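The sequence and the model are shown first.

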Amino acid sequence: MKDPAEGRLSFTEMFELPVAVDLRTAARALGIASTTAYRLIREDEFPCSVLRVGRRYRIPTNELMRALGIEDRPLYTLDLELGPDSPGAGF
């Protein structure tokens with residue numbers, strides 16, 4: 001069985017998300033399997049609000065980030081991921 005955290009979103013990818021994401025993307029950000037995410041929704045235990053649009057689920061990105069403990073957007077996500085001593089940082 002595949003490790004659910006294996007395809008986890010990077011720090012930079014998190015800040016490039018649109019206003020709302022699909023359930024698979026949210027599950028990937030949380031490091032859980034999509035089947036677990038569906039179960040949590042059914043049990044009303046998903047860690048942030050879930051919007052139902054037709055037959056699909058959408059998760060507001062700002063709430064997803066809050067659930068992950070990310071409160072504010074950094075100004076330079078690329079710089080933070082590369083580090084201060086990396087080539088191209090701070091341009």
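D44 sits in the loop between α3 and β2 (51-53). Helices (H or I, at least four residues) and strands (E, at least two) are DSSP runs, numbered from the N terminus. With a relative accessibility of 69%, D44 counts as exposed; buried means under 20% relative accessible area, exposed over 50%, and partly exposed in between (1.4 Å probe, protein chains only). D44 is not a glycine, yet its phi is positive, at about 55°.

The model is predicted: local features need pLDDT of at least 70, side-chain atom pairs count only at pLDDT 80 or more, and totals for chains, interfaces and linings use all residues. Residues are numbered from 1 along each chain as its sequence is written, and side-chain values use heavy atoms, with hydrogens and water left out.

## Overall make-up

The protein contains 5 helices and 3 strands. Along the sequence these follow the pattern α-β-α-α-β-β-α-α. Of the 91 residues in the protein, 30% are buried.

Contact means heavy atoms within 4.5 Å. Among the contacts with a separation of 6 or more, 47% are between residues 24 or more positions apart.

## The salt bridge

How many salt bridges does the structure hold? There is 1, where a salt bridge is a side-chain nitrogen of Lys or Arg within 4 Å of a carboxyl oxygen of Asp or Glu. The partners are E43 and R39, and their closest N and O atoms are 3.2 Å apart. E43 is partly exposed, with a relative accessible area of 42%. R39 is also partly exposed, at 34%.

## Nonpolar core

A nonpolar core is a set of buried Ala, Val, Leu, Ile, Met, Phe, Trp, Tyr and Cys residues joined through side-chain atoms within 4.5 Å. The largest one here has 20 residues, and M14, V21, L23, A26, F46, I59 and L64 have the most contacts inside it. At least two residues of this core come from each of α1 (11-15), α2 (23-30), α3 (34-42), β3 (56-60) and α4. The largest share, 5 residues, is supplied by α2.

I59 is one of the core residues with the most contacts. Leaving out residues up to four places away in sequence, I59 touches V19, A20, V21, D22, L23, A26, F46, C48, S49, V50 and L64.

## Packing of α2 against α3

Two packed helices are described by the angle between their axes and the distance between the axes. For α2 and α3, the axes come within 9 Å and cross at roughly 105°. Axes are lines fitted to C-alpha atoms, for helices over the stretch in contact, and angles run from 0 to 180 degrees between N-to-C directions. The two helices α2 and α3 are therefore roughly perpendicular to each other; angles under 35 degrees count as roughly parallel, over 145 as roughly antiparallel, 65 to 115 as roughly perpendicular and the rest as oblique.

On the α2 side the contact involves L23, R24 and A27, which meet S34, A37, Y38 and I41 in α3. These residues divide into 5 nonpolar, 1 polar and 1 charged. Here Ala, Val, Leu, Ile, Met, Phe, Trp, Tyr, Cys and Pro count as nonpolar, Asp, Glu, Lys and Arg as charged, and the others, Gly among them, as polar.

The loop between α2 and α3 contains I32. I32 is partly exposed, with 22% relative accessibility. Its C-alpha atom is separated by 8.8 Å from that of R8, 24 residues apart along the chain.

T61 belongs to helix α4 (residues 61-67). Is T61 buried or exposed? T61 is buried, with a relative accessible area of 6%. Residues up to four places away aside, T61 touches L17, P18, V19, A20 and V21.

A20 lies in strand β1. By the same exclusion of residues up to four places away in sequence, A20 touches R58, I59, P60 and T61. The C-alpha atoms of A20 and E63 are separated by 9.3 Å, with the two residues 43 apart along the chain. P18 is in the loop between α1 and β1 (20-22) and is partly exposed, with a relative accessible area of 48%. P18 and N62 are 44 residues apart along the chain, and their C-alpha atoms are separated by 9.6 Å.
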